[in-house]
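Subject: Handover of a structure and notes on its contents

Dear colleague,

Please find below the structure that I am handing over to you.

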Amino acid sequence: MYSFIVNGETVSCEQDKSLMHFLRDEMRLTGTKNGCDSGSCGACTVLIDGKACKSCLFNLSKVENKEITTIEGISSRQKDVFSYAFAKTGAVQCGYCIPGMVISAVGLLKKKPEPSEKDIRKGIRGNICRCTGYIKIIEAIQLAAQMLQKDTPIPDDNSNGHLGTDFHRLDAAEKTLGTGAYVDDINLPNLLHASAIRSAYPRAKVLKIDATKAKEHPDCVAVFTANDVPGNNKIGHLEFISDWDVMIPEGEITRYVGDAIALVVAKNKDSLDQIKEQIDITYEKLQLDITYEKLQPVLSAEAGLAEDAPNIHPKGNTLSYEHLIRGEADEGLANSKYVVSQHYSVPINEHAFMEPECAIGQPEKDGVLLWTAGQGIYDEQRECARMLGLAPEKVHVQAKLIGGGFGGKEDMSVQHHAALAAYLLQQPVKVLLTRDESLMIHPKRHGMEMDFTTGCDEEGNLTAMKAVIKADTGAYASLGGPVLQRACTHAAGPYKYKNIDIEGFAVYTNNPPAGAFRGFGVSQSAFAIENNINLLADKVGISPWEIRYKNAVAAGDVLPNGQLVSSNCALKESLLEVKETYEQAEHAGISCFFKNSGIGVGLPDTGRCIVSVEDEKVHIRTSAADIGQGIATVAAQVALEALNLSPDLIVVEGSDTRRTPDSETTTASRQSLFTGEAVRRAAQKLRIDLDMGYSLSDLEGQEYYDEFSAKTDALHSDKKNPVSHAGYGYCSEVVELDEKGKIANIVAAYDIGQVVNPRAAEGQIEGGVVMGMGYALTEQFLMEDGYVKARYTNLGLLDASKVPPIKTTFVKAPGLHEGLAYGIKGVGELATIPTAPAISGAYYAFDGNLRPTLPIEDTPYQKKKRKK
């Protein structure tokens, strides 16, 4: 028996289990989050005798007779101060890491009531945040410390919530104090637990699945295989491809080590591993004979394109091929004064969102109810209905809080398995991935091999470019095709030249699938073209800033993809904003870039909203997934702008396929523009009735629906000036190095149209910059022969102590350009794109050496190898 004190209450347990799991599972103190279960992320931080500690590293025997304080146990005054400070400064995005941050801050302030910024950075360096870039969190802790020291009353927030004002996020308090419900925080009576057995090989034939011994285990409820799938065993984010197996059937070949072979359902989650070990799976194993040749895994795009490569899918290994031609690239290059050609290599990259994937399925009449944390509830509904053989309306999906996504939660990971088990067993079932499973299973950022050739005249005017891009799209389609498109459509950069020839291949391999990741292919091609432009500037004898400003598009110009640049483009203004910083720095790199808003290229792309009056309040109903970017708060602010009501009269509902219309996937930086415009239109219909003198009481029960669909042209349109996307955001970024080659300062200027909420937008950019900094310098996704060796501990994620000062400003084109959704463009993806090329450019300026691979080499951020 182990006894200790939790939040002032003496508790005991006979089993020497993990403190984190005891707090969450036994005491239901779910503010303590399970991010990695390995002591690396800090989401589970608690105070043990007043010291901040990671509860996943302590068994109960280690805390006997000690005093434990969780986020639920801090004082009421601390709760009030921290929830205000984190909301005021915009320090909350997905929120999954925030309770752990607060606990670390409480422990720090107990020792140092008036901490310096350096103290705070050091105090929270054990807590990873993937959303915010830490800047706003540091500001929040500084504010909380001041308020606690001076006993400052909690100020009233009098913001009217109109566009351009700092408005507290609607979910800030519940996320700061850990009271909001993520899926794994939910417990139900008779809840079962399920987990899939994954492939032992990246490529092997499954000959037999024998679950006889497993079913004898007293906690085993069921073992399901592909034979038990009542509908279609093939699903996929793009319905017209749907090449991803729910489970690999006997007689079929696995495509990567994340493939599910069987699904185990148990009464107790602690028994899952024991039961899984009892299942005997026979493979046609890899051996040094003819069998080995047949089942040799394909581990690179180059290998997948080889003539003798085995087909990973029946139609071959080329998922997608693009060839974008405008003008005469060969002629343009031949007539150029200067030409540079360079190969660039960027690796597979991990999202590392803070919340591991989790879903709960439960029977509902003749269908199933799903609680999920994905990026589109209607995508989940469609894919799960396909698998179950049900009409879509029989699959009812509700979203809970989502602990980050960045594109990594667009595909099915656990939702389909939870739905399947719940439907077959007619009991509620939870499926939760461990962090190691998450790293192994969900799609990544594409690794790409890229050859870029770029030319200019003697004055530095860009003339033409050619590129060949080979993307490792992994085992399944996911969004590999659209990602390749975006990489190609943006490969020439936001510059005014018209001769392009861009060839792209998305190639199946036996690596983990690759799909959506913040930047959506543009992060990769931007790295290549921006480095080539630096090389050209050297040849011409002008600065990297000057060559960009000379070629940057402005209103009325034509982008390389043929689209006319709209009047609200402020790319040149962003370059002017960072010019002084760049020119005064001794060693600095610069990048400017652009990113589309909306799916575009002629595809369906719609935002939808219902505004209803219920209990004399205005309900905003849209299915747009809030993965941390704050679309719920954006929707509220758009409605407040349209209605001019008090913020306390606005209710933004959570996503629910029975209540909220399909606003499509949170992807392509589209929700603020598309759903924002739908909210504006629906709210204006209500405004007409209010202006006619009706009160909310008079309008009780009324619903106002509207939607917005962008009209764009197909990727290979033969129009002179096709509309590729509904809009673009633009930015410029400068990275300054100190004399030792470490990043001293980052300055960014962004044109995102109408800024909805300045502090929130700054936080999005700061988080994107830090994510881009990790991509450039430290992050890695370790693999060996198709096996995932990456662990949370070796991903190379940056902590608060390693993040430099980041200054963000917003720029707009001259004149009034309200447009759609009051002129909102979106920022989430654009935020991360320019950082890696700006950092690479900074090191090129530092020592004259081009670094064409990521993470870039020979910097102070790489660990030095020990001499033997």
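Predicted model: local features only at pLDDT ≥ 70, side-chain atom pairs only at ≥ 80, totals over all residues.

**A sheet with E1 at residues 2-6**

Five strands make up an open sheet of mixed pairing, and their order is E2-E1-E5-E3-E4. At the edges stand strand E2 (9-13) and strand E4 (51-54); each has a single partner strand, so one side of each lacks a neighbour in the sheet. From one strand to the next, the twist averages 40°. Within this sheet, strand E1 (residues 2-6) is paired with strand E5 (residues 67-69) in the parallel sense, over 2 bridges. Ile5 has Glu67 of E5 opposite. Helix H3 (residues 98-111) packs on the sheet, where H3 touches strand E3 (45-48), E4 and E5. The direction of H3 makes about 30° with that of E3.

**A sheet with E13 and E14 at its edges**

A further open sheet, also with mixed pairing, has 5 strands in the order E13-E21-E20-E19-E14. Its edge strands are E13 (318-326) and E14 (338-346), each of which pairs on one side only. Here the twist averages 5° from one strand to the next. Strand E19 (residues 447-456) pairs with strand E20 (residues 462-474) in the antiparallel sense, and 10 bridges join the two. Met448 stands opposite Ala471, a residue of E20. Packed on this sheet is helix H15 (residues 480-489), which touches E13, E19, E20 and strand E21 (499-508). The directions of H15 and E13 make an angle of about 20°.

**Aromatic pairs**

The count of aromatic pairs comes to 16. One of them is formed by Tyr201 and Tyr283, in an edge-to-face arrangement with 5.2 Å from centre to centre and 80° between the planes. This pair links distant parts of the chain, since its two residues are 82 residues apart. Tyr201 belongs to the loop between E6 and strand E7 (205-210), while Tyr283 belongs to strand E12 (residues 280-284).

**The largest pocket**

The largest pocket holds about 1,100 Å³ of space. It is lined by 41 residues, and those closest to its centre are His21, Asp25, Lys269, Asp270 and Leu432. At least two lining residues come from each of helix H1 (19-26), strand E6 (192-198), helix H8 (272-277), strand E18 (429-432) and helix H14 (435-441). H1 gives the most, with 5 residues. By kind, the lining of this pocket comprises 17 charged, 13 polar and 11 nonpolar residues.

**The largest cavity**

There are 7 cavities of 30 Å³ or more in the structure. The largest cavity contains about 640 Å³ of space. Of the 40 residues in its lining, Gln629, Ser672, Gln764, Val827 and Gly828 are the closest to the centre. Helix H19 (631-643), helix H20 (671-691) and helix H21 (758-777) each contribute at least two residues to the lining of the largest cavity. The most come from H19, which gives 4. This lining divides into 18 polar, 16 nonpolar and 6 charged residues.

Yours sincerely

Notes
Residues numbered from 1 in each chain as written. Heavy atoms only, no water. 1 Å grid on protein atoms, 1.4 Å probe; cavity = no way out; pocket = protein on both sides within 12 Å on 5 of 7 lines; lining within 4 Å. Points joined across faces, edges and corners; volume = space filled by probe spheres on them. Nonpolar A, V, L, I, M, F, W, Y, C, P; charged D, E, K, R; others polar. Pairing = 2+ DSSP bridges. Axes fitted to C-alpha atoms, helices over the stretch in contact; angles between N-to-C directions. Contact = heavy atoms within 4.5 Å. Phe/Tyr/Trp six-rings, centres within 6.5 Å; stacked < 30°, edge-to-face > 60°.
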